[in-house]
Amino acid sequence: MEAEQGAAIASGAAPPHTGSLSRRMQLIAAVWITLLLAVGGFALDRTLTSLVTDQFDDQLDYMLTAMVASAEIDDFGDVMFNRPLGDQRFLEPNSGMYWQVTGEGRDPYPSRSLWAPRTLEVRDGFFAEPVIYDSSQYPDEALRITQRSVVLPGSDTEWTFALAAAREDLDEQINRIRSILFWSFVVLGLGLFILAFLQTIYGLGPLRRVKEAIIRIRTSGANRVTDPLPLEVQPMVEELNGLLAHSERQAEEARMHAGNLAHALKTPLTVLVNAATAKDPDLSDLVHRETKVMQRQVEHHLARARAVGRRATGLSRAHVAGSVEAVLRAVTRLYERTRFDLDGNMDVNVAIERQDLDEILGNLIENAAKYGGGSVFVTIDAVPNAEQCEIWVEDDGMGIPDAERIRIFDRGARLDTGKPGTGLGLAIVRDVAEIYGGGVRLEESEDLGGLLVRLSLPRAAEAVQQNP
């Protein structure tokens, strides 16, 4: 998958994406708003409907209580009311308000509004406390009935007092409330959707400004994003500016390498051309010597170029002891009479590619063996608590005078011309070490009396152990 994405980007095609960020935000807002409105609307509908219904039931219960309070037994053992009930609708036929009193073995005693032969169908059983329920006994009129069982003084009969009211008014109030709720939530939902849309457009505006700034960088020659942006976008802009600065440094280093290489090759090529033109009899030796110089120059600049490219990955890591041991095995074959000693922290890792570390150590250890008196001492992590890992390479040779310790790092600088070499070894060591954020300096060895090379390299971050 990554290879396909890289090929698409390299070919100039549009890179893959995961969809629109604004659409994603709007979709999340729409789902969340819809869910909240649905739950809130349902809860509010249940609450208001319950309040209206409870109020309606309380009125029925109040009237039923008044009805029971005014009931008594007449001389014939039937129920009578000692005062008329207050609601005029009980006297109007089919008015929507009805009452009825029934007892075992007694004919029902209905209100005038409950026009004969209609009667209320109440629930069987003795109910000391009022019960309320809906009834659909009349197809054209839904009723809400409350009933209560009472034993009146002077009678052993269990009387059932029932009060009924048409649900038309109650249903009309509930429908009105639901209509108001529905349209209120529709308007509220539309308003929230518009707000989420505008918030998305306004909130993502800085990203569009970043895009415009990048277009200006590409078209107008600007090298940084300098537009004022919100704090949330600022880290991305800082990383982008850092990437641009990194690219500039790499481009400048590439130009510098090309110029240095061209300058380094110019002199040997001029010598060869002049010798060939003059038909120098020693042309063969001259070609061999100068091509060696050019080869070493090319290797030097290739080493720098590789180091720059590997440093850009940010994942370089090398085990110092393994690299030193590998170099020592190779150098020992060339300098069999030289004694090599190794000491220090054998577990330390540095943030550099193994090949570049081998190149650096190979140059230092080979120089120590070549110019030393027969002893080379390598110490890994010589200063354990230092911020960077220091690798010391000491020899028992003549050393280098203080005045020459800076000049010796120049390309082609050699103090001992009696031994083979091109004078590029220490220059490569310095350049590659500095590319990785390290350094190298020369001192006098207190133990061996010769030269002490202090190579410092950044320590590698501890590897994170992952459970299988």
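Begin by selecting the five strands that form an open sheet with mixed pairing, in the order β9-β11-β12-β14-β13; strands here are DSSP runs of E of at least two residues, and helices are runs of H or I of at least four, numbered from the N terminus, while two strands pair if DSSP finds at least two bridges between them. At the edges stand β9 (339-344) and β13 (439-444), and because each has a single partner strand, one side of each is left without a neighbour in the sheet. From one strand to the next the twist averages 15°.

This is a predicted model, in which local features need pLDDT of at least 70 and side-chain atom pairs count only at pLDDT 80 or more, whereas totals for chains, interfaces and linings use all residues. Residues are numbered from 1 along each chain as its sequence is written, and side-chain values use heavy atoms, with hydrogens and water left out.

Next, select β9 together with β11 (residues 375-380): the two run parallel and are joined by 6 bridges, and F340 has V376 as its bridge partner in β11.

Now show I365 and L455, which touch the most other members among the 38 residues of the largest nonpolar core, a core being a set of buried Ala, Val, Leu, Ile, Met, Phe, Trp, Tyr and Cys residues joined through side-chain atoms within 4.5 Å, where buried means under 20% relative accessible area with a 1.4 Å probe, protein chains only. Helix α8 gives the largest share of this core, 7 residues. Leaving aside neighbours within four places in sequence, I365 is in contact (heavy atoms within 4.5 Å) with V324, V327, L328, V331, F340, V378 and V393. Apart from this core lies another, of 23 residues, among them M63, L64, A71 and V150.

Move on to the open antiparallel sheet of 5 strands, β4-β3-β7-β6-β5, whose edge strands β4 (109-110) and β5 (131-138) each pair on one side only. Within this sheet, β6 (residues 141-150) and β7 (residues 159-166) pair over 8 bridges, with Q147 opposite A162. Helix α2 (residues 21-69) lies across β3 (97-103), β5, β6 and β7, at about 140° to β7.

Finally, colour by pLDDT, the predictor's confidence in each residue from 0 to 100: the mean is 81, and 85% of residues reach 70 or more. Over residues 411-423 the pLDDT is below 50, although this stretch has 31 contacts in the model beyond near neighbours in sequence.

Terms used:
Axes fitted to C-alpha atoms, helices over the stretch in contact; angles between N-to-C directions. Buried < 20%, exposed > 50% of the residue type's maximum accessible area, 1.4 Å probe, protein only.
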